[in-house]
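Please open the structure in your viewer and keep the selection panel at hand. The tour below moves from one selection to the next and says what is to be found at each stop.

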Amino acid sequence: MAVFTLTGATGSVGNEIVRQLLLGGHEVRVLSTRKELQWNGIKAYYWNPGEGIIDSAALEGADHLIHLAGATVSNRWTSKYKQQIMDSRVQSTQLLIDALSRLTYAPQSAVSASAIGYYGSDLERLMKEDDTPANDFLADVCRFWENYTEKLGNENTRSIQLRVGIVLDKGAGVLGQLEPLAKFGLASPLGSGKQWMSWIHVEDLARLFIHASLNEVKPGAYNAVASNPETNKAFTSKFCKAMKRPMLLPPVPGFVLKLVLGEMATLALMSQRVDNTKTKNTGFSFKYDRLEDALNVIYG
C-alpha cells in the first residue's frame, strides 16, 4: 500500500478521497491549518501557507501528493477576496515546491486540483485540454494555479492537474446551495437556462485523483467531468425531480443574479460543455456518467 499526503483534506472532496484511501488500506497524512486536528486513522501535520510554515515531516517518504488547498470561489468577489483566491493557491503551492526540493525522496506523483473555469464561457464550443485559457478572472486563477502546480513535477514526479467541474455532493457546493431552495419550491433555472453545466459526482472525482496517482497517467491537465453535461434548465429540472419538489418558473433573470451576487454571478451564468475523452483514455471509468443516476444515489 502507498503513503499519501493531502492538502485541503477537510473539504467535501478531500473527505471523500481520505475515505476511499483508508478503505484501500493506504497510509494517509494531511497538512492542515488547524494545529490540533484529530482524525481517526490519519496523521495530521500543521502548515500555514500565508506565513510560509510547513511541517515537512508530512512529505518525508510520501509516495503521492494530492493538492486541493485553495480559498473557495463561492464567496462574494470583493477585490480583497479575489486576491485571497489567487494568493491561497500560489502561496500553498510554492510552499510545497520549496519543501519537496529539500527532500531526498520525491513522491511518484503530485495530483493537483484546477478547474474548468480555465476555459471561460461559451454556449457552443466543446472545451478540451489543449484549448487556450480564457481572458477573465477565473481563467487567470486557473492559469496561474497550473503554472505553479506544474513545478511540483520533475524527472521523478509526475505533475497532473485535474480541471474539476461542478462537484455533486449532498449538502456541499452547488447542491448545498440548491437544496434549501428546492425544499421550499424555489429552485429555478438561472438566466437563459441554456448554459451548459459540466459536472462530476464526488465519488468519481475522488476515484479520479487516486487513479491519476497510482497509475502511469502522463503529466498534464485532464478534465474531471462526467460524459454528459446538462443545460442549466435540464440540470435544475432533474435535481428537483430527485428532490421530489417542483421546479419554479420563470427563470431568475441574469441581471437579478448580478444585482444579488455581483461579479460572482459569473459562476451561475457561465456555459461550459467540457470533453472528458483524454481522461477516459487513461483507463478511468466513471461510475456515474448520467446526471439522473448521480442525483438518485445522492437523494435516493
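A charge is taken to sit over a ring if NZ of Lys or CZ of Arg is within 6 Å of the ring centre and within 35 degrees of the ring normal. With that in mind, and remembering throughout that this is a predicted model, select Arg 273 and Trp 196: Arg 273 lies over the face of Trp 196, at 5.7 Å from the ring centre. Then select Arg 163 and Tyr 118, where Arg 163 lies over the face of the tyrosine ring, at 3.6 Å from its centre.

**Aromatic pairs**

A pair of aromatic rings is described by the distance of the centres and the angle of the planes. The count of aromatic pairs comes to four. Among them is the pair of Trp 77 and Phe 137, which is edge-to-face, with 5.1 Å from centre to centre and 65° between the planes. Trp 77 lies in the loop between strand E5 (64-67) and helix H2 (79-101), while Phe 137 belongs to helix H3 (residues 137-149), so the pair ties together parts that are 60 residues apart in sequence. Both Trp 77 and Phe 137 are buried. Tyr 118 and Tyr 119 also form an edge-to-face pair, at 5.4 Å centre to centre and with 80° between the planes.

**The nonpolar cores**

Which residues have the most contacts inside the largest nonpolar core? Select Leu 6, Val 13, Ile 17, Leu 162, Leu 205 and Phe 209, which hold that place in a core of 34 residues. To see where this core comes from, colour strand E1 (3-7), helix H1 (12-23), strand E2 (27-32), strand E6 (109-115), strand E8 (158-164), helix H5 (202-214) and strand E12 (220-224), the elements that each give two or more residues to it. The largest share, seven residues, comes from H5. Now centre the view on Phe 209, which, not counting residues up to four places away in sequence, touches Val 13, Ile 17, Ile 66, Leu 68, Val 111, Ser 112, Ala 113 and Leu 162. A second, separate core has 19 residues, including Leu 178, Ala 187, Leu 291 and Leu 295.

**Strand E6 at Ala 115**

Select Ala 115, which is placed in strand E6. Ala 115 is partly exposed, with a relative accessible area of 22%. Leaving aside neighbours within four places in sequence, Ala 115 is in contact with Cys 142, Trp 145, Leu 162, Arg 163 and Val 164. For a distance label, Ala 115 and Ser 101 are 14 residues apart in sequence and 26 Å apart in space, C-alpha to C-alpha.

Next, show helix H6 (residues 232-243), whose twelve residues reach 16 Å from the first C-alpha to the last, close to the 16 Å expected at 1.5 Å a residue. Its buried residues are Asn 232, Phe 235, Thr 236, Phe 239, Cys 240, Ala 242 and Met 243. They cover an arc of only 160° around the axis, which puts them on the same side of H6. What covers them includes strand E9 (166-168), helix H4 (173-183), strand E10 (196-197), strand E13 (230-231) and helix H10 (291-299).

Move on to H10, where Leu 291, Ala 294, Leu 295, Ile 298 and Tyr 299 are buried. Seen down the axis of H10, these residues fall within an arc of 110°, so they line one face of the helix. The cover over them includes E9, H4, strand E11 (199-201), E13 and H6.

Most residues other than glycine have a negative phi, and most peptide bonds are trans. Is Lys 244 buried or exposed? Lys 244 is exposed, with a relative accessible area of 66%. Then select Leu 249 and Pro 250, which are joined by a cis peptide bond with omega of about 5°. Pro 250 is found in the loop between H6 and helix H7 (254-261).

**Last stop: Asn 276**

Finally, select Asn 276, in the loop between strand E14 (273-274) and helix H9 (277-280). At 5% relative accessibility, Asn 276 counts as buried. Not counting residues up to four places away in sequence, Asn 276 touches Asn 223, Val 225, Ala 226, Ser 227 and Phe 286.

Conventions:
Residues numbered from 1 in each chain as written. Predicted model: local features only at pLDDT ≥ 70, side-chain atom pairs only at ≥ 80, totals over all residues. Heavy atoms only, no water. Helix = DSSP H or I, 4+ residues; strand = E, 2+ residues; numbered from the N terminus. Expected span 1.5 Å × (residues − 1). Buried < 20%, exposed > 50% of the residue type's maximum accessible area, 1.4 Å probe, protein only. Arc of directions from axis to C-beta. Contact = heavy atoms within 4.5 Å. Phe/Tyr/Trp six-rings, centres within 6.5 Å; stacked < 30°, edge-to-face > 60°. Core = buried A, V, L, I, M, F, W, Y, C linked by side-chain atoms within 4.5 Å.
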